[in-house]
Amino acid sequence: MDQQLTTRIMNAVDAVFDDEVAFLSELTAHPSTRGNEQGAQDFMADELARRGMAVDRWQIDVDDIRDMPGFSPVIGAYDDAVNVVGTQRADMQKGRSLILNGHIDVVPVGPLDMWDTAPFEPRIDDGWMYGRGAGDMKAGLASNLFALDALAHAGLTPTADIFFQSVVEEECTGNGALACLQRGYRADAALIPEPFNEGLVTAQVGVLWFQVHLRGLPTHVAYAGSGANAIDAAIPLIAALHALEDRWNADDRKHPDYAHMHHPLNLNVGRIEGGDWASSVPAWCVFDVRMGLYPGQDIQALRDEIEATLAEAAQQNAFLRNNSPEVVYHGFAAEGYALSEDKSATATQAIGALEGAHSHVTGTALEKMAITATTDARFFGLYADTPALVYGPRAEAIHGFNERVDLESVRRVTQTTALFIAEWCGVTEG
């Protein structure tokens, strides 16, 4: 791409950037936690339609996707899980097609008194926009959309089909992106602007969620010695799972992309509940676990190892010996994905196009990284033979309090995305 066209596109991003910030603020104000995404998706659908895209808005049906590779189990049906896809067809098909993917769902906010300001009342302070989801990943949705706006502002039209996806369920299953595959959406590459500080994600771990259910023997606390405390019984089981975590992080089990990391796979006990009354020995306990896994690892084999670990630990408890813990899988059953292992010409060309765009905007080489989280990239890379490039803005306090995104980083990512689209899809005047 010649320097004149590059400058023209970057200037066009600058021209629409105030509108992009206003859009991001409005989108962040939608409290789109799981099950509450409808208002934000209505907003996205209206914005896509206003730009002349053909809008496909549908409710996910679990029965349509449950037998597909990559499906993560859910408890109950999806009553309000709605995806939105806007399609921009090219009149002149010369370039390569592209999926611009992002998720609209955000994680819970936690205690409100631990935020400096309300999480869904976005504010800007010293170049940062604060609000739940501002960084993860509504800024990415904004950069995808306004990269297209910038090309239009510059009088340029892509010469390949572009599919703009706003999906749900990324934070807990990924089934929103999977539903897009089931719907038939395919392209030559996918770009997902998750907030990883303007670096390219070349490997991501998988994630497995599960619950452990325990039953105790209730009695009044005055006779606690004659009962079995289900919460106490959970403690050695959690310790056994952490010992398993240590084994999984041993050097001889690491994926090559993670060989340089001390502890890439993380186990988190994210939630625990049990008992019914302070003066009754708890008769039940449930704890929720998140565990990472490497690209290429078999999920069923890991489940077997988890269950064997819990069964062995239960044998050390007099009550649990005859009342085995029950493991229930729901939520993430996500395989790891390594873009670094895709040696296809398409992947090489897509990475090269992103490297060039990033260099034009920042004047630096594109950093490549393995991450200890998961993204929806796995669906495209593992199940659709589509290289998925995860590249997005700088953000802080993701999943924490006072989440925020660097607006100048958002500007650079939007410029890089616009240049990437121009190179990958091609553009023509008009």
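Biologist: Which is the crossing in which α4 passes α10, left-handed or right-handed?

Modeller: Helices (H or I, at least four residues) and strands (E, at least two) are DSSP runs, numbered from the N terminus. A crossing is left-handed if the near helix is turned anticlockwise from the far one by less than a right angle, and right-handed if clockwise. By that convention, the crossing in which α4 passes α10 is right-handed.

Biologist: Which atoms do the side-chain values use?

Modeller: This is a predicted model, in which local features need pLDDT of at least 70, side-chain atom pairs count only at pLDDT 80 or more, and totals for chains, interfaces and linings use all residues. Residues are numbered from 1 along each chain as its sequence is written, and, with hydrogens and water left out, side-chain values use heavy atoms.

Biologist: At what angle do the axes of α4 and helix α10 cross?

Modeller: Axes are lines fitted to C-alpha atoms, for helices over the stretch in contact, and angles run from 0 to 180 degrees between N-to-C directions. Helix α10 spans residues 407–424, and the axes of α4 and α10 come within 8 Å. They cross at roughly 50°.

Biologist: How are α4 and α10 oriented to each other?

Modeller: Angles under 35 degrees count as roughly parallel, over 145 as roughly antiparallel, 65 to 115 as roughly perpendicular and the rest as oblique. The axes of α4 and α10 cross at roughly 50°. The two helices are therefore, relative to each other, oblique.

Biologist: Why are α1 and α4 oblique to each other?

Modeller: Helix α1 covers residues 3–28 and helix α4 covers residues 134–153, and their axes come within 8 Å. The crossing of this pair is right-handed. α1 and α4 are oblique to each other because their axes cross at roughly 140°.

Biologist: How are α1 and α10 oriented to each other?

Modeller: The axes of α1 and α10 are 9 Å apart, and the crossing is right-handed. Residues of α1 such as T6, I9 and M10 are among those that meet α10, whose partners include L407, V410 and R411. With a packing angle of about 130°, α1 and α10 are therefore oblique.

Biologist: Which two residues does a cis peptide bond join?

Modeller: The bond in question has an omega of about -10°. The cis bond joins D136 and M137.

Biologist: Is D385 buried or exposed?

Modeller: Buried means under 20% relative accessible area, exposed over 50% and partly exposed in between, with a 1.4 Å probe and protein chains only. D385 sits in the loop between α9 (377–383) and β16 (388–390), and has a positive phi of about 50° although it is not a glycine. Because its relative accessibility is 72%, D385 counts as exposed.

Biologist: Where does H399 lie?

Modeller: H399, although not a glycine, has a positive phi of about 70°. At 46% relative accessibility, H399 counts as partly exposed. H399 is placed in the loop between β17 (395–396) and β18 (404–406).

Biologist: How far apart in space are V82 and S166, C-alpha to C-alpha?

Modeller: V82 belongs to strand β2 (residues 82–88) and counts as buried because its relative accessibility is 7%. Leaving aside neighbours within four places in sequence, V82 is in contact with Q41, R57, W58, Q59 and V168. V82 and S166 are 84 residues apart in sequence, and their C-alpha to C-alpha distance in space is 9.2 Å.

Biologist: Which residues does H330 touch, not counting those up to four places away in sequence?

Modeller: H330 is in the loop between β13 (326–328) and β14 (333–334). Its relative accessibility is 16%, so H330 counts as buried. With residues up to four places away in sequence excluded, H330 touches P73, I75, W209, Q211 and D288.

Notes. Contact = heavy atoms within 4.5 Å.
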